[in-house]
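Trainee: Hi, I've just been handed this one. Can you walk me through it, starting with the words I'll need?

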Amino acid sequence: ARWNEESAALDFKNSKIIELEQASQQFKHLIGQIRRFKIDMYEQELEKQRIQLDYMKLQINPHFFLNCLTSMYSMAQMQMYGEIERMAMSTTQYFRYIFQNGHNFVRLQDEIEHVRIYLDIQRHRYRNAFAYHISQDAGTGDIRIPPLVLQTFIENAVKYAVSRVTEANITLSVSRKMPDDLAKITISDSGPGFPPDILEQLMHGGPLNAENGNRIGIMNTIQRLSLLYKGQADVSFSNREGGGAEAGGR
């Protein structure tokens, strides 16, 4: 009877040791998962900060500021004092909007008004070499979007569509799509359109070289949209049949 008691006690101890070993293995596995999770989260945060840093670099455009000052200087030489007042006010509003936006989202209406100011400034610079049209469905003004998203695409349209030869047209339209109640935003121009290689890279997320400054800004914007909307934002690019480039998203 004593041997049976010792055997049972030994089996009990062995089972406890096995349970402890299993618990230890499970604990080690859990620690490994937590460590990998923390590394993934850390890498995601680094990527988020990198994208945000690139975005902040794109915000600060000294060339645009210097061009505004040069335009006002030219106006002063021609004694265009009314135009100088309007240009100075528009430039002030433009940079106030840029430097006050530390938030991930702004009202769509505010972003559209910022785009309107930017286009008015460029019309002064280009001597009315282009016209623009903005249309917006009712009830879309309070939709929240990341700041300077629209401006990035509008800048691209101005850079590549506007010329001194023929008047260009730039269109921004905002519509509300049912039944999902999503906002669809389309920006188009009457310029030469995207070069085939650039269009291919934009459509498939390929890398762009440093010579394509505005289009690198577009890729950064797409990354921001993906980050902020958890991959739910949809952005597309195309060349219009009648000529010109078009970018749309929802």
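Predicted model: local features only at pLDDT ≥ 70, side-chain atom pairs only at ≥ 80, totals over all residues.

Trainee: Got it. How much of the protein is buried?

Mentor: Buried residues account for 34% of the 250 residues.

Trainee: And how many helices and strands are there?

Mentor: The protein has seven helices and seven strands. Both are DSSP runs numbered from the N terminus: helices are H or I with at least four residues, strands are E with at least two. Along the sequence the pattern reads α-α-α-β-α-β-β-α-β-β-α-α-β-β.

Trainee: Which residues in α3 are buried?

Mentor: Ile-84, Met-87, Ser-90, Thr-91, Tyr-94, Phe-95, Tyr-97 and Ile-98. Looking down the axis of α3, the buried residues fall within an arc of 165°, so they line one face of the helix. That arc is taken from the directions from the helix axis to the C-beta atoms. On the other side of α3, Glu-85 and Gln-100 are exposed.

Trainee: Now charges. How many salt bridges does the structure hold?

Mentor: Four. A salt bridge here is a side-chain nitrogen of Lys or Arg within 4 Å of a carboxyl oxygen of Asp or Glu. One of them joins Glu-83 to Arg-86, with the closest N and O atoms 3.7 Å apart.

Trainee: Where do Glu-83 and Arg-86 lie?

Mentor: Both sit in α3, residues 81-100, three residues apart, which is about one turn of the helix. An α-helix has 3.6 residues a turn, so residues three or four places apart point the same way. Glu-83 is partly exposed at 24% relative accessibility, and Arg-86 is partly exposed at 47%.

Trainee: Which residues are linked in a network of salt bridges?

Mentor: Arg-107, Asp-110 and Asp-142. The closest N and O atoms are 3.0 Å apart for Arg-107 and Asp-110, and 2.9 Å apart for Arg-107 and Asp-142. Since Arg-107 is in strand β1 (residues 106-107) and Asp-142 is in the loop between β2 (130-136) and β3 (144-145), the pair ties together parts that are 35 residues apart in sequence.

Trainee: Is Asp-142 buried or exposed?

Mentor: Asp-142 is exposed, with a relative accessible area of 56%. Arg-107 is partly exposed at 28%, and so is Asp-110 at 33%.

Trainee: What about Glu-111, buried or exposed?

Mentor: Glu-111 is buried, at 0% relative accessibility. You'll find Glu-111 in helix α4, residues 108-125. A polar atom of the Glu-111 side chain lies 3.1 Å from the backbone nitrogen of Val-149. Leaving out residues up to four places away in sequence, Glu-111 touches several others, including Tyr-97, Pro-147 and Leu-148. Contact means heavy atoms within 4.5 Å.

Trainee: You mentioned Leu-148. What is its phi?

Mentor: Leu-148 has a positive phi of about 70°, although it is not a glycine. Most residues other than glycine have a negative phi. Leu-148 lies in the loop between β3 and α5 (149-161), and at 6% relative accessibility Leu-148 is buried. Gln-79 also has a positive phi, near 60°, but Gln-79 is exposed, with a relative accessible area of 56%.

Trainee: Last topic: in which sense do β6 and β7 pair?

Mentor: Antiparallel, over five bridges. Two strands pair if DSSP finds at least two bridges between them. Phe-237 has Ala-247 in β7 as its bridge partner. The two strands form a hairpin with five residues between them, and Gly-243 in the turn has a positive phi of about 110°. β7 (residues 245-249) also pairs with β5 (residues 182-189) in the antiparallel sense, over four bridges, and there Ile-185 stands opposite Gly-249.

Technical notes
Residues numbered from 1 in each chain as written. Heavy atoms only, no water. Buried < 20%, exposed > 50% of the residue type's maximum accessible area, 1.4 Å probe, protein only. Polar contact = N/O pair within 3.5 Å; in protein donor to acceptor, adjacent residues only side chain to side chain.
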